[in-house]
Amino acid sequence: QVQLVESGGGLVQAGGSLRLSCAASGGALGLTTLAMGWFRQPPGKEREFVAAISRSGENTYSPSSVKGRFTISRDNAKNLLYLQMDSLKPEDTAVYYCAGRDSSSGSTYYTRSEKYNYWGQGIQVTVSS
């Protein structure tokens, strides 16, 4: 069973940056067999998609709300997933979750939360104005 643990959250001023990390453990081959994604849940709202990356890391996708500001990346050798968040806005305030799913394809990413079967516990990111 894969366990995912997020770190790197906290309080930052608008315009600032944070880098979230997600450490994977417990799987036979670690992060190498998993397509990964980041989601967030703002206060009082539904969970929403933030970014996705294929198992190999060759393909990534993020919605227009964060494109150009957030960058997803991974280091399979270290079993780590990252989300670099720049030019943060108060509306980026949310609990951020990393998610993973077993994938036979090295190039496919997934944007829908129901496609993922492993989830971290979430980490708070607060952006002050």
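Biologist: How far apart are the mean positions of the positive and negative charges of the chain?

Modeller: In this predicted model, the chain carries 13 positive and 10 negative charges. Lys and Arg count as positive, Asp and Glu as negative, while His and the chain ends are not counted; the place of a charge is NZ of Lys, CZ of Arg, CG of Asp or CD of Glu.

Biologist: On what basis are the values and residue numbers given?

Modeller: Residues are numbered from 1 along each chain as its sequence is written, and side-chain values use heavy atoms, without hydrogens and water. Because this is a predicted model, local features need pLDDT of at least 70 and side-chain atom pairs count only at pLDDT 80 or more, whereas totals for chains, interfaces and linings use all residues.

Biologist: How many helices and strands are there in the chain?

Modeller: Both are DSSP runs numbered from the N terminus, with at least four residues (H or I) for a helix and at least two (E) for a strand. By this rule the chain has zero helices and eleven strands.

Biologist: Why does the radius of gyration of the chain agree with that of a compact globule?

Modeller: The radius is taken over C-alpha atoms, and the globule rule is 2.2 Å times the number of residues to the power 0.38. For 129 residues the rule gives a value near 14 Å, so the chain agrees with it at 14 Å.

Biologist: Which parts of the sequence does the pair of Phe39 and Trp119 tie together?

Modeller: Rings of Phe, Tyr and Trp (its six-membered ring) pair if their centres lie within 6.5 Å; planes under 30 degrees apart are stacked, over 60 edge-to-face and the rest tilted. Phe39 and Trp119 form a tilted pair, 5.1 Å centre to centre with 50 degrees between the planes. The pair joins parts 80 residues apart in sequence, because Phe39 lies in strand β4 (residues 34–41) and Trp119 in strand β10 (residues 118–119).

Biologist: Is Trp119 buried or partly exposed?

Modeller: Phe39 is buried at 2% relative accessibility. Tyr116, which forms an edge-to-face pair with Trp119 at 6.2 Å and 70 degrees, is buried at 5%. Trp119 has a relative accessible area of 28%, so this residue counts as partly exposed.

Technical notes: Buried means under 20% relative accessible area, exposed over 50%, partly exposed in between (1.4 Å probe, protein chains only).
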